[in-house]
Structure formats: structure tokens, C-alpha cells
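Here are some notes from a read through the model, point by point. Have the viewer open while you go.

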Amino acid sequence: NKIYEGISFRSQTIDLILNTLQEKNKREEQHSVRVSRICVEIGKAINLPESEINKLKVIGLLHDIGKIGVSESILNKMGRLTESEFEQIKKHSEIGYRILSSSSQTSEIAQDVLDHHERYDGGGYPRGKTGNKLSLMTKILTIADSYDAMTSERPYKNPLSKSEAIDELIRHSAKQFDPGLVDIFINSILKNAEIVL
């Protein structure tokens, strides 16, 4: 629990990698901070203990650390990615897993980072795991990451409005996302006027 309570949990190597990634691509830093915040809000909405909420905060911040191994030209590409560029992007979850597994302080969250592009229906990557084989943390991270990607400006697309993003979450519920968590995210967080994301 102490590891996840403070920022001091991270090893110098992981800090260095994260800082390098953020220097390379400022948008990634902002995305990770927003994903972390959404993860925390979902954790609170389902009444997770403080230790698990702290863990979610860290997972959100570190989920894309593997993008350090992806070319800057691909990360910042204005148009759609080619098939081979997309294959390179897909490797970031495995790179992140290897980086986080290398430190005893972060090895516990490495699996969630590896799995964050898996889908509830088994159609994701890198392993094609289905929802019953994914941790609660991974399922929360997947929703938070996808929602922020949909509603944020990207070089290759305009952001969706909140209501358009809600429609997408509903459309992909039980396919890409855990349906129970989608329901909680929409009704307890996105439709709650007191929570601003």
C-alpha cells in the first residue's frame, strides 16, 4: 500500500523513461494524467478501498510508458497509421510490461499495463484475452484510456463530444468494454454534474 500512496514509489529508471517519453510527446503526458484521474473516479464510484484507488492512479499514469519504444514520427503522425505503423504502436503495451516488470516496485501493475488493449470479447491485443481473464484494474483502465482518446484532440482526428463518446461506450459495451463498468462510468461519473472530466 505504501508504494502506491506517494509519487516516491517509482524507481529512478522508470522516472527517467517516463520523463523522456513526456519530453518526446507532451500530449502523452496530458493523456496519462487524465486517464489516471478517470481511473480514480471509477474506483471511487465502485467503492474500492483507498489502496486500490491509489494503485489505479499509478496504473493510469504509467499505462503508456511503453510508447518510449515507438518512433516519434509514428506517435505524432497527422494522418492514419499504415498497417506496419499500427503494428509498431501495438508493441507499446508489451514494452511497458517489460519496463514495469523490471522493478519490484511496479511489477504488480505490469500485467494491467500489458492487458490494457485487450477487449472484453477477446478481440484485443496482445494476447486476445477475454473479459473473465482480465483484472478489474485492466477493465477500468481500458474504459478510461478509450474515453480520453475519444474526447481528446489527436493529430489524426477531431475529438468526440461527451454525448458522442457515451454513444460509443454503449455501442462497444460487452464487446470492447465490461458492460457493468460502462454503466457505472456513464451514470455515476459522466452524468454526474459534480464531476468534471
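1. Leaving out residues up to four places away in sequence, which residues does Glu85 touch? They are Ile74, Lys77 and Arg80. This is a predicted model, by the way, so read every value here as computed from it. Glu85 itself sits in helix α6, which spans residues 83–90. With a relative accessibility of 17%, Glu85 falls under the 20% cut-off and therefore counts as buried.

2. Next, have a look at His31. You'll find His31 in helix α3, residues 26–45. Its relative accessible area is 3%, so His31 is buried. Setting aside neighbours within four places in sequence, His31 has contacts with His63, Asp64, Asp145, Asp148, Ala149 and Arg154. Another, Asp148, is 117 residues from His31 along the sequence, yet the two C-alpha atoms are 7.0 Å apart.

3. Now the pair α7 and α8. Two packed helices are described by the angle between their axes and the distance between the axes. Here helix α7 (residues 92–101) packs against helix α8 (residues 107–115) at about 175°, and the axes are 8 Å apart. That angle is why α7 counts as roughly antiparallel to α8. On the α7 side, the residues that meet α8 are Ser93, Glu94, Gly96, Tyr97, Leu100 and Ser101. Their partners in α8 are Ser107, Ile109, Ala110, Gln111, Val113 and Leu114. By type, the contact comes to six nonpolar residues, five polar and one charged.

4. Thr106 lies in the loop between α7 and α8. Is Thr106 buried or exposed? Its relative accessible area is 1%, so Thr106 is buried. A polar atom of the Thr106 side chain lies 2.9 Å from the backbone oxygen of Leu100. Leu100 is also among the α7 residues that meet α8.

5. Glu94 lies in helix α7 and is partly exposed, with a relative accessible area of 27%. If you were wondering about Lys139, Glu94 is 45 residues away from Lys139 in sequence and 17 Å away in space, C-alpha to C-alpha.

6. Pro126 brings us to backbone geometry. Most residues other than glycine have a negative phi, and most peptide bonds are trans. The bond from Tyr125 to Pro126 is cis, with omega near 10°. Pro126 is in the loop between α8 and α9. On the phi side, Asn47 has a positive value near 60° without being a glycine. Asn47 sits in the loop between α3 and α4 (50–62) and is exposed, at 68% relative accessible area. Ala174 is another non-glycine with positive phi, about 70°. Its place is the loop between α10 and α11, and Ala174 is partly exposed, at 40%.

7. Ala174 also turns up among the contacts of Tyr120. Tyr120 is in the loop between α8 and α9, and its relative accessible area of 28% makes Tyr120 partly exposed. Apart from residues up to four places away in sequence, Tyr120 touches Thr130 and Gly131, plus Ala174, Lys175, Gln176, Phe177, Asp178 and Pro179. Lys57, by contrast, is 22 Å from Tyr120 between C-alpha atoms, with 63 residues separating them in sequence.

8. Last one: helix α10. Which residues of α10 (residues 162–171) are buried? Ala165, Ile166 and Leu169 are. These residues span an arc of only 105° around the axis, so they are on the same side of α10. What covers the buried residues of α10 includes α9 (136–151) and α11 (179–190).

Note on methods. Residues numbered from 1 in each chain as written. Predicted model: local features only at pLDDT ≥ 70, side-chain atom pairs only at ≥ 80, totals over all residues. Heavy atoms only, no water. Helix = DSSP H or I, 4+ residues; strand = E, 2+ residues; numbered from the N terminus. Buried < 20%, exposed > 50% of the residue type's maximum accessible area, 1.4 Å probe, protein only. Contact = heavy atoms within 4.5 Å. Arc of directions from axis to C-beta. Axes fitted to C-alpha atoms, helices over the stretch in contact; angles between N-to-C directions. Parallel < 35°, antiparallel > 145°, perpendicular 65-115°, else oblique. Nonpolar A, V, L, I, M, F, W, Y, C, P; charged D, E, K, R; others polar. Polar contact = N/O pair within 3.5 Å; in protein donor to acceptor, adjacent residues only side chain to side chain.
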